[in-house]
Amino acid sequence: MLPAGNRPILEHVFDALVEAGVEELVVVVGYKRDRVQNHFGPTYRDVPVTYVTQRKQLGSGHALLQARSAVDGSVLVLNGDRLIDAGTVAAVADRFAETGDATLAVVERQETSRYGAVEVRGGEIAKLVEKPRDGDYRLINAGVYGLPADIFDAIEETPRQAGELALTDTLERIIDRERVRSVEVDGMWVDATYPWDLLTVAREVLARGRVVEAGRSDGVWIADSARVHREAVLQGPVVVGPDCEVGPDAVIGPDTALGDNVTVGANAVVQRSVIDADTRIDPGSTLMDTVTGQDVHLGAGTVVPAGPADVQVGTTIFEEQRLGAVIADRARARGNVSVTPGSLVGPNARLDVGVTVRGNVSEGAEVTR
Amino acid sequence: MCGIIGCVGRGSETLETLVHGLSKLEYRGYDSAGVAMADDTVSLCKTSGKIAELRSALDSASLSGSVGIGHTRWSTHGPPTDGNAHPHQDCHGDVAVVHNGIIENYQSLRDELVAAGHTFTSDTDTEVVPHLVETALESGADPEAAVREAVSRLEGSYAIAVVVAGADAIFAARNDSPLVLGLDDGATYLASDVPAFRDFTDRVVYLADGEFARLDSSGWVVTDLEGAAVEKDVDTVDWDPEETGKSGYDHYMLKEIHEQPRALRQCLRERVDEMAGTVDLDDLGDLSPTGVQFVACGTSYHAALYGAQLFREAGIPAQAFLASEYATSVPPIGDALVIGVTQSGETADTLSALRAAEKRGARTMVVTNTVGSTAARESDHAFYIRAGPEIGVAASKTFSSQLAALNLLTLGMAGSDDTREVINALRELPGDLQRILDESRAEEIAELYQDAGAYFFIGRGLQFPVALEGALKMKEITYKHAEGFAAGELKHGPLALVTSETPVFAVVVGDDEKARKTVGNVKEVEARNAPVVAITDGQTDVGRYADHVLEIPETHPRAATVLANAHLQLVAYHTAAKLGRNIDKPRNLAKSVTVE
């Protein structure tokens, strides 16, 4: 589960749903379902949660179909990896309740090329367009739907594309036959397509104070069970999760979130970064604009300078991203390691003492001098 | 083992409240269940089998009343039949009784009652109670006095709840068997454990031995056996009722295995200071024992074996005893601290052992998961493992938390040469354990060896208790033959059992003398063509002699024990799942064994 600040994005989605008055949650889980089930348990904020397993990841329509037996009647459907607010949920639910027609939230974005764009005419969806060129469209599909009970039949009737069932394919067929309402929303809407998006997501969450830990002073939130040395410096906005330890003269923040059970050693500096659960940052390390996964160990004197930098994902280069590094789950740096800004270090990678990482390190790779 | 529930003040919801409470207690015992309701008359319904069978029996029964009691039973006296299910009644059907524990003088009471003309309908010890109440009522006593008189005749262990026609109240008493009241606005509950009513209230009153309670529409009052009022503290429980749901897992046991990283963080919370390298043991004070004797049963005994080694490593003589043996043949204690390890805090054998020690003037402590439990209240000191409720009968997360808690205890009381390294390893344990949960290949091993005739487990030093625990888990939930041995002991007999049909699980961590010698034992096994599964951090070459390797991250050997055990939990779980066993409620077993 990807973090928004120091809580999973999915938890913020649940918050929005609960705050909008939703009384039953059904989650379709596939990848790492144990983690999701273990995190939320049978209820979230007194709302019962039912888990449904999608054994093969065959598209969003297929995912929704798995929930059929757990759902009775119409449904609100959302993506679990987009940060949204309760207003968006309520707007879709209200319009759907008024009309009974399938309803979808749309949001204005400059860069439509990353998303599914929509053409709206008179409060109705005229067309869905996957990843168009920037500038051709103004609105994108926010991924929040109000759908009638017969959506499940409609999905089953949709022909599979290369074995997959996308919910948007079904919606296109519905648009051809009947009305699909659109609701334009302007609340919080942040998605995490690329790992460095988590830095933006965290900034957004902290700026809006969507944090469960008690606030110690303006923009500084520290869990009761965290142990922060009195000579550590916390620069808000910053959140320190449960069971964290922060050593003397460490400097944490601004725009930084420490997940559960994170350890930051003496004299370490962590700024504009998201550090996920069980990660250890040893004394004297400096991390700027960095995302770490869970259970990452960074030995003494690990240095990640700030972006902007070019980031390579597959064959695509993303220029001038504000990213120090993404260091994935369980990667280990033994100490005195330098990471060039824009690097992506894969899960379980091993970085030996004194190495300099330039660019990407693949999963499980060992980097030695 | 058995579970009791009682409820007054819920009007027409009384019956549903009772059945709901029983379903929350089902983990304590499950071969029969029943409920009784009372107003001017007493009506009841009971059946052998699980709560689901009681529900269907209730569909065709008509029960009415303003107060009610219920029970799930796990047999000690008499087979699980409808007749032996609780509640039990007197000759006229005016009294109904539910009971946990064992009434030791029931035979003589029964003989006396039969001679006086009473007719018994069951094989249970419990049935003497309603007949004793009936006798007292006939001699003119009011209902409360009649129940008191009956209770005064009982010897042994009991938690009892009684309803009497026309009394509009529940009367309850306890001796050596847990009983707790739940206080709600306008309603009062009574149960052998908090989850029974935790969905309705978090305010509780724990009854002590020799106390008597009356619950009626005006509230509750606790008295001693002579009738003098007892001032009781009202506690608030912070357990979340939702933790008692399965949340998408197939079994509670798997859910609880996955809860271990969080449970460990809770155990360590605010007790370790990594920067300072110190451990703070709440308010245990300075105990500085010169010797330690552990008493425990089952999984907790394996934790105790581990704890004893930690104390010995710190230079303090320590031994672990099976509580049932200790209680009846108490060794010389000297000025040793006697530490009971019990998840529930209600394990009768462990309570007896602690009481035997206390009687000889020893200082006692309990390491337990249950605040307010009998062991916690009776011992001089209590140290909580904070694992949260565990529903699966086979212990999983509570074992890991016991090991973590015993590390804290030894570091806090005796220190260690490498305190900082241990604290470091403990802080890393949740992340390391999560890695095993995410990456373990245990299911493949289970798939390959689910049909094996027997399973053997070997380990040395701190990994010996893991071998025992790995075998116990396998026995408990797969019903297959499994044994754990000290690695060096294998060649002194058990090796004769090893064949190509018996997989051997070897726990090998580090590369010290213990690890190298265990590798030697693995070679002995390999030479007999037994399939070998090594659970190892890869520091030795044991992988060369093993057919399969279950990896654990390199860490302190004390933490490695917890990690190796997690693999073995998963092997047992997946084997049992493939064999279709009743994993959360294995046959013949109960979660908390409250009889000796």
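This is a predicted model: local features need pLDDT of at least 70, side-chain atom pairs count only at pLDDT 80 or more; totals for chains, interfaces and linings use all residues.
1. The expected span of a helix is 1.5 Å times one less than its number of residues. Helix α12 (residues 397-414) of chain B has 18 residues, so at 1.5 Å a residue it should span 26 Å. Its end C-alpha atoms are 25 Å apart, which agrees.

2. Where does α12(B) sit? Of its 18 residues, 17 are buried, so α12(B) is largely enclosed by the rest of the structure. Gly415(B) follows the helix. The phi of Gly415(B) is positive, near 70°.

3. Now the domains. Chain B is divided into domain 1 (3-241), domain 2 (245-436) and domain 3 (440-596). Taken over C-alpha atoms, the centres of domain 1 and domain 3 of chain B are separated by 43 Å.

4. Next, the largest nonpolar core. It has 127 residues. Phe294(B), Ala296(B) and Ala506(B) touch the most other members. Helix α17 (residues 557-578) of chain B gives the largest share, 12 residues. Domain 2 (245-436) and domain 3 (440-596) of chain B both contribute residues, so this core lies between them.

5. What is Phe294(B) in contact with, leaving aside its neighbours within four places in sequence? The partners are Ala304(B), Gly307(B), Ala308(B), Gln319(B), Ala320(B), Phe321(B), Ile339(B) and Val341(B).

6. There is also a second, separate core of 108 residues. Its members include Leu25(A), Phe40(A), Ala277(A) and Val304(A).

Conventions. Residues are numbered from 1 along each chain as its sequence is written. Chains are lettered from A and ligands numbered from 1 in the order in which they are written. A nonpolar core is a set of buried Ala, Val, Leu, Ile, Met, Phe, Trp, Tyr and Cys residues joined through C-beta atoms within 7 Å. A residue is buried if 20 or more other C-beta atoms lie within 10 Å of its own, exposed if 12 or fewer, and partly exposed in between; C-beta atoms are placed from the backbone. Helices (H or I, at least four residues) and strands (E, at least two) are DSSP runs, numbered from the N terminus. Domain bounds come from an automatic or database domain assignment. Two residues are in contact if their C-beta atoms, placed from the backbone, lie within 7 Å.
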